[in-house]
Amino acid sequence: MKSLRHVFVPILVLLIKCSLFTCALSILLTNVLSSVIALKRPGLDLSDPSNYRPISDLSFISKLVERAIHKQLLNYIESNSLLPLVQSGSRRLHSTETAVLKVYNDTILALYYGFITALLLLDFSSAFDCVDHFILLEVLELQFGITLSAVLWIANFLTNRLHLERLGTNSSKHFNILFGVPQASILGP
């Protein structure tokens, strides 16, 4: 593939431009998200469903288009300072370590100044599974100022998706995805 990049790159660029112009990914690229069900780690109880996790299977071209959108969206968000300074998730030069250091520093300062300090921890491990598409699109348009064509592209990316689960040779029926974002997608976070 690398030796033939002079052939493939112009075609891929054209596909990405078409996706942006039509405000959608091709239905052939994203119609079905399939997941392979995998054991979280070796040695876990095979009969316990909570020991399994889905691994989404997205097409190569879909990932390329998403990467192009992600780069443009992230540049826009960062250049307009639209994210809170303390947000660490899914940001360059930020990590769980920076988030923990912020909480630790705030706690130490509060104690130093004599404030009563309490720490409430919430588990957001399934947060991306609960994203309401309408609310997300509304926030992107009204609060972030994302253009209508970009919001339409994201709406098409999120909606009208089908999903199925595979475990070995067995597959579930297709079902519509009403909430959440594709987990294997670079655009998920």
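Analyst: The axes of α5 and α6 approach to within 10 Å and cross at roughly 160°. The angle is over 145°, so α5 counts as roughly antiparallel to α6. This is a predicted model, and the values below are computed from it. The crossing of α5 and α6 is right-handed. On the α5 side the residues in contact are His133, Leu136, Leu137, Leu140 and Glu141, and on the α6 side they are Leu148, Val151, Ile154, Ala155 and Leu158. Sorted by class, the contact of α5 with α6 has eight nonpolar residues, one polar and one charged.

Helix α6 is the part to follow from here. It covers residues 148–158, and its buried residues are Val151, Trp153, Ile154, Ala155, Phe157 and Leu158. Which helices are included in what covers them? The cover includes α1, α3 and α5. Among the buried residues, Val151, Ile154, Ala155 and Leu158 also belong to the contact with α5.

Trp153 and Phe157 call for a separate description. Trp153 and Phe157 form a stacked aromatic pair, with 5.5 Å centre to centre and 10° between the planes. The two residues are four apart in α6, so about one helical turn separates Trp153 from Phe157. Both Trp153 and Phe157 are buried.

The next neighbour to consider is α3. The axes of α3 and α6 come within 12 Å and cross at roughly 140°. α3 and α6 are therefore oblique to each other, whereas α5 is roughly antiparallel to α6. The handedness is also to be noted: α3 passes α6 in a left-handed crossing, while the crossing of α5 and α6 is right-handed. In this contact Val65, Glu66, Ile69 and Leu73 of α3 meet Trp153, Ile154 and Phe157 of α6. The residues divide into six nonpolar, no polar and one charged. Trp153 and Phe157, the stacked pair, are thus placed in the contact with α3, and Ile154 takes part in the contact with α3 as well as in the contact with α5.

α3 in turn packs on α1. Helix α1 (residues 5–22) and helix α3 (residues 60–79) pack at an angle of about 60°, and their axes are 10 Å apart. α1 and α3 are therefore oblique to each other. The crossing in which α1 passes α3 is right-handed. From α1, Leu12, Leu15, Ile16, Ser19 and Leu20 take part; from α3, Phe60, Ile61, Leu64, Val65, Ala68, Ile69 and Gln72 do. This contact has 10 nonpolar residues, two polar and no charged. Val65 and Ile69 of α3 are in the contact with α1 and also in the contact with α6.

His133 lies in helix α5 (residues 133–143). Is His133 buried or exposed? His133 is buried, with a relative accessible area of 6%. Apart from neighbours within four places in sequence, His133 is in contact with Leu158, Thr159, Ile177, Leu178, Phe179 and Gly180. One of these, Leu158, is among the buried residues of α6.

The setting of these helices in the chain can be given briefly. The protein chain has six helices and five strands, and from the N terminus on its elements run α-α-β-β-α-α-α-α-β-β-β. Of its 189 residues, 24% count as buried. Among contacts with a separation of 6 or more, 57% are between residues 24 or more positions apart.

Ser81 is in the loop between α3 and α4 (96–112). Its phi is near 50°, a positive value in a residue other than glycine. Most residues other than glycine have a negative phi. Ser81 is exposed, with a relative accessible area of 62%. Ser172 is in the loop between β4 (170–171) and β5 (175–176). It is partly exposed, with a relative accessible area of 31%, and it touches Leu164 and Glu165, not counting residues up to four places away in sequence.

Terms used: Residues are numbered from 1 along each chain as its sequence is written. This is a predicted model: local features need pLDDT of at least 70, side-chain atom pairs count only at pLDDT 80 or more; totals for chains, interfaces and linings use all residues. Side-chain values use heavy atoms; hydrogens and water are left out. Axes are lines fitted to C-alpha atoms, for helices over the stretch in contact, and angles run from 0 to 180 degrees between N-to-C directions. Angles under 35 degrees count as roughly parallel, over 145 as roughly antiparallel, 65 to 115 as roughly perpendicular and the rest as oblique. A crossing is left-handed if the near helix is turned anticlockwise from the far one by less than a right angle, and right-handed if clockwise. Contact means heavy atoms within 4.5 Å. Ala, Val, Leu, Ile, Met, Phe, Trp, Tyr, Cys and Pro count as nonpolar, Asp, Glu, Lys and Arg as charged, and the others, Gly among them, as polar. Rings of Phe, Tyr and Trp (its six-membered ring) pair if their centres lie within 6.5 Å; planes under 30 degrees apart count as stacked, over 60 as edge-to-face and the rest as tilted. Buried means under 20% relative accessible area, exposed over 50%, partly exposed in between (1.4 Å probe, protein chains only).
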